[in-house]
Amino acid sequence: MTGKPLRLSYGPAAVAVPVVRDTRREAPAKPGIETLTDALRSATGAVQRRTRAASLIAAIETRREHLTDDLAARVTALLLPLRGDDRFLTFAVDRALARIRGEDVPSGLRIETRFAMAAGEDNDHGRVRVARGPVQLTAALTQDGRLRVGASATLDVREAESIARTYGTMFLPIRVTDASGSVRVWMVLRAGSSDAHGELSLPEPVGAHVTIDLDGLPAGSAEIADRSEEELVRSLTAVTTRHDLASWEAIARDLPDGHPLRQALDS
C-alpha cells in the first residue's frame, strides 16, 4: 500500500494532531558556532559526530556572519572528512561549505501548482526530480492535490550494512515551503541490500508554487526523538505504508507517556 496516507483507525490519517505548547518562559540561548565546532571536534562514534555536525551545519545556515576566517578554516577541516565517511552526508556538508565560502547554494525542487494540475495527464502532476548526493529526490501533485515526495538511492551490500549499524532506521529531513510558510518533515528511508526508498504524502500546498528540498543531515533511530514534537507528529501524519508507521511506533515506545507522538499513535 503506497501513495496515499493510511486511513486506519489507528493510523496517522485518522489522527487529530495535538497542539504542542511550549511551557518554558524563554528559550535557552543557542550555542555559538565556535562552541559547536569544539563539540564536533570532541565527538566520538558515528551517531555523536552526525548529531553534532547537524547542529553545526544548522548554525552555519542561519549565523554565517559569525564566522571569522580562522573559525571558517577550522569548521571546514572538521566537515570535509564527513563526506568520505557517509555518502548521505555529502549534500548537507557541501551546502554548508558553500555557505562558508559565500557561494550560492542550489535551490530546491519547485512545482507551479496551478500549471502542474492543469497540464497533468497521469496520476501525478508536475513531477520534478533532483539529485542530492546519493539521493534522488522527487516531488509531484496527486490527482486530489496532495503533495507526494519520494526519495531513492542505490546501495551496495557494505553500505546497507553500515546504515543498519550506524542509523538503525534512517530518517531524511525534507523542507517544504509554500505560501503558508516553511516546515520540516522527516521521511523514513527504507534501506534494503541494494537500494533505499521512502515516500511522504502531504496536504495540498497553499499558493501558486511549492518548493521541496533536503534540509540538513539525516538522523538515525537514536537521535530522531530529539527533534521537535511538532516535527515528529507532522512526519507521522505523512506516512504512506505500514512499514513506515511501524518505524514511528518503535520510536514512540521510548518516549515518555503524554508525548504528542504517543498521543497521536494512541488516538
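**Close-up views of helix packing and a cavity**

**View 1. Helix α1 passes α3 in a left-handed crossing.** A crossing counts as left-handed if the near helix is turned anticlockwise from the far one by less than a right angle, and as right-handed if clockwise. The model is predicted: local features need pLDDT of at least 70 and side-chain atom pairs count only at pLDDT 80 or more, while totals for chains, interfaces and linings use all residues. Residues are numbered from 1 along each chain as its sequence is written, and side-chain values use heavy atoms, with hydrogens and water left out. Helix α1 spans residues 33–41 and helix α3 residues 69–85; their axes lie 10 Å apart at an angle of about 30°. Axes are lines fitted to C-alpha atoms, for helices over the stretch in contact, and angles run from 0 to 180 degrees between N-to-C directions. Helices (H or I, at least four residues) and strands (E, at least two) are DSSP runs, numbered from the N terminus. From α1, I33, E34, T37, D38, L40 and R41 meet L71, R74, V75, L78 and L79 of α3 (contact: heavy atoms within 4.5 Å). By class, this contact has six nonpolar, one polar and four charged residues. Ala, Val, Leu, Ile, Met, Phe, Trp, Tyr, Cys and Pro count as nonpolar, Asp, Glu, Lys and Arg as charged, and the others, Gly among them, as polar.

**View 2. Helices α1 and α2 pack at an angle of about 160°.** Helix α2 covers residues 46–63, and the two axes are 9 Å apart. The angle makes α1 roughly antiparallel to α2 (under 35 degrees is roughly parallel, over 145 roughly antiparallel, 65 to 115 roughly perpendicular, the rest oblique). This crossing of α1 and α2 is left-handed. In α1, I33, L36, T37, A39 and L40 meet R49, R52, A53, S55, L56, A59, I60 and R63 in α2. Eight nonpolar, two polar and three charged residues make up the contact.

**View 3. The axes of α3 and α4 cross at roughly 160° and come within 9 Å.** Accordingly, α3 is roughly antiparallel to α4. Their crossing is left-handed. The contact includes V75, L79 and R83 of α3 and V93, D94 and L97 of α4.

**View 4. The largest cavity has a volume of about 60 Å³.** On a 1 Å grid over the protein atoms alone, a cavity is a set of points where a 1.4 Å probe fits but cannot get out; lining residues have an atom within 4 Å of a point. Grid points are joined across faces, edges and corners, and a volume is the space filled by probe spheres set on the points. Among the lining residues are F88, F91, R132, L172 and G216. Helix α4 (90–100) and strand β5 (170–178) each give two or more residues to the lining.

How values were computed
On a 1 Å grid over the protein atoms alone, a cavity is a set of points where a 1.4 Å probe fits but cannot get out, and a pocket is an open set with protein on both sides within 12 Å along at least five of seven lines; lining residues have an atom within 4 Å of a point.
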